[in-house]
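Please look over the sequence and the structure shown below.

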Amino acid sequence: MTTPRHRGPATARRRRAGRSRRLPTVTTAAHLDRGLQPERATLAWSRTCLALVTISAIFLRWVSHYGAWLLVLPAIALVAAVVITDTQRIRTNRGVHGIHRGSLTADPLPPLMLVGVVLALGVAGACFALVAP
Amino acid sequence: MTRAPDADDRTWLARRLLPDGDEPDPRFTLANERTFLAWIRTALALLAGGIAIEAFAVDIFDANVRKLVALLLIGLGMLLSGGAFVRWLGVERAMRHAKPLPLPMIAPLLGIGGAVAAIVVGIVVLTSGP
C-alpha cells in the first residue's frame, strides 16, 4: 500500500501533503530520541487499526441476529482501518520530522475523525440493539 | 499570548482548537496521542461488547435486560470516545501553556460504568433461572 509503485489518489494526496508542508522523508530520529516516540505512536495507530478489524469480525458474527443491515458497522470500521493504514507513512514522517525539528504541531483532525467513527458505530449499534428481536 | 513560530503552517482546525501557547516537546504530543488511542480502543471494545451481549444472551436474559446492558455498554463506549478527545485537547492545551495536566475524568467514568454493568448482570444472573 505504501510502495513507491502505487499510483492511487492516496499517493497523489500524500505527495501534495508532503509538498505543502515541505517534509522530506526522514526514516528515523532514533539518535535524537531513544524512546522511539514516533515509532511507538505509529504502532499505537496500528493497534487501533487492528482493533477496528477485530470488532468488524465480531460484528459479522452477529449478522444472523440483527439482519443484513448490521453490515453497515463492519463497513464503517473497515473503511476507518484502511484510512489509518493508508496514512501511516505520513504520520511516522511527521513525527520523525517533529523530533528532528524539536517542534511538532498536534493535528486535531485524525483524533476528531476517529471519535466520529466510534460515535457513528455507537449510534448505529444502539439503534440495532433497540430494534433487534 | 505567544504564537507558535510556525503558526502559519498549521491547519485551520489546529489554529481553531489550539489557538495559543507554544508547541510542547514533540515527545509529549506523541505520548498524548498514544493515550488517546488507548482510550479509543477501550471504547471500541465496549461497543463490540454491547453489540455482542444483545445477541449472545438471547436465551439467558430477558429482552429488556439484554437491551439495557447493551445500551449501557454502547453508551459508555460513546461517552469514553468523546471524553478521550476532550482529554486529548485539554492535555494538549495545558502542555502548550506549560500548565499542570487536567485530571482524567473519563477514568472514574469507565470504572463506575463498568461496575454498574457488572452489578446489573450479576443481579440478573442471581435472580433469574431455576
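A salt bridge is a side-chain nitrogen of Lys or Arg within 4 Å of a carboxyl oxygen of Asp or Glu. The model is predicted, so local features need pLDDT of at least 70 and side-chain atom pairs count only at pLDDT 80 or more, while totals for chains, interfaces and linings use all residues. Residues are numbered from 1 along each chain as its sequence is written, chains are lettered from A in the order in which they are written, and side-chain values use heavy atoms, leaving out hydrogens and water.

**Salt bridges**

Over all chains, the search finds 4 salt bridges. The table lists some of them.

| Pair | Closest N and O atoms |
|---|---|
| B:Arg96 and B:Glu23 | 3.3 Å |
| B:Glu54 and B:Arg66 | 3.0 Å |

B:Arg96 forms a salt bridge with B:Glu23. B:Arg96 is in helix α3 of chain B and B:Glu23 in the loop between α1 and α2, 73 residues apart. Helices here are DSSP runs (H or I, at least four residues) and strands are runs of E (at least two), numbered from the N terminus. Both B:Arg96 and B:Glu23 are buried, where buried means under 20% relative accessible area, exposed means over 50%, and partly exposed lies in between (1.4 Å probe, protein chains only).

B:Arg27 is partly exposed because its relative accessible area is 37%. B:Asp25 is also partly exposed, at 24%.

B:Glu54 forms a salt bridge with B:Arg66. B:Glu54 lies in helix α2 and B:Arg66 in helix α3 of chain B, so the pair ties together parts that are 12 residues apart in sequence. B:Glu54 and B:Arg66 are both buried. A network of salt bridges links B:Glu54, B:Arg66 and B:Lys67.

**The interface**

How many residues does each chain give to the contact? Chain B gives 42 residues and chain A gives 47, with contact meaning heavy atoms within 4.5 Å. Across this interface the rule finds 0 salt bridges. Elements that give two or more residues to the side of chain B are α1 (12-17), α2 (26-56) and α3 (63-96). The largest share, 20 residues, comes from α2(B).

**Chain A and cysteines**

Chain A holds 5 helices and 0 strands. Buried residues make up 44% of its 133 residues. The structure has 0 disulfides over all chains, a disulfide being a pair of cysteine sulfur atoms within 2.5 Å. A:Cys49 counts as buried because its relative accessibility is 10%, whereas A:Cys127, at 44%, counts as partly exposed.
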